[in-house]
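The stops below are meant to be selected in order.

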Amino acid sequence: QALRHVADEYLRLGIFDRAHDYLQQALTLDPRDGATYDALARRWRDGGFFDAALADAQRALYFAPNSASAHNTLGTVFQALGRRTQAREQYARALELDPTAAYALNNLCYGWILDREPGKAVTACEAALKLNPALAAARNNLGLAYAARGNLDASRVAFERVGDRATALYNIGIVHMARREYSDAVTAFAAAQQARPLFRMATTRAEQAGKLALAGDD
């Protein structure tokens, strides 16, 4: 368990090779530990190695079939592979095992966004936030769901409630880009860069949106 905790911190920081080393050490202590295979699956998934992630996610469920976390992880791998129906089944199973699993509801919300079902996405994200009001990912996904439904005012409010003004403005710019409203996107990205002067991605997006606006693609 201690080795997994260290690995989780390396995963959080995006240092995948070190996380992998600690997880392999954990497996030498207990080769049948479902939680370690779950963590390995997340490591492969976050590194973009989805086939390896799928194998370890399935091993995690073999050794821990009643783990809500393992079902959720398998769902995220299915989602990354474009198998969204199977992903929803795994999120549903995670919620059966743990009705308080806000993370599974958030992933379900994002899956509905990908499937262009913004109404269902809003319902799932709102349910996630009732369980965990501090879940920033669900707040951001709720903003995307509102935008997909055409409610930009609600989208803006959801983004701003995350608490980071620069990120909220950046997300609003992304929404405008998706709607091909490039002039509005420039304004949002520029405001994000002013709110956080070293926000390089906002500067890059502002330049991209500016070129599209000048090309008359609004």
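The tour goes from the whole chain to a disulfide and then to a pocket.

**Before selecting**

This is a predicted model, in which local features need pLDDT of at least 70 and side-chain atom pairs count only at pLDDT 80 or more, while totals for chains, interfaces and linings use all residues. Residues are numbered from 1 along each chain as its sequence is written, and side-chain values use heavy atoms, with hydrogens and water left out.

**Stop 1: the whole chain**

Display the chain as a cartoon: it has 13 helices and 0 strands. Here helices (H or I, at least four residues) and strands (E, at least two) are DSSP runs, numbered from the N terminus. Along the principal axes, the C-alpha atoms fill a box of roughly 60 × 35 × 30 Å.

Switch to a surface next. The chain exposes about 11500 Å², of which carbon and sulfur atoms supply 51%; accessible areas come from the Shrake-Rupley method with a 1.4 Å probe, and for residues only the protein chains shown count as cover. Of the 218 residues, 44% count as buried (buried means under 20% relative accessible area, exposed over 50%, partly exposed in between; 1.4 Å probe, protein chains only).

**Stop 2: the disulfide**

Select C109 and C125, which form a disulfide with their sulfur atoms 2.1 Å apart. A disulfide is a pair of cysteine sulfur atoms within 2.5 Å, and by this rule the count comes to 1. The pair links distant parts of the chain, 16 residues apart: C109 lies in helix 7 (residues 102-114) and C125 in helix 8 (residues 118-131). The angle about the S-S bond is -95 degrees, a left-handed link. C109 is buried, with a relative accessible area of 0%, and C125 is buried, also at 0%.

**Stop 3: the largest pocket**

Select I113, L144, A147, A148, I174, V175, A178 and R179, which line the largest pocket. On a 1 Å grid over the protein atoms alone, a pocket is an open set of points where a 1.4 Å probe fits, with protein on both sides within 12 Å along at least five of seven lines; lining residues have an atom within 4 Å of a point. The volume of this pocket is about 220 Å³, taken as the space filled by probe spheres set on the points, which are joined across faces, edges and corners.

Colour helix 9 (136-148) and helix 11 (165-178) to finish: each supplies at least two residues of the lining.
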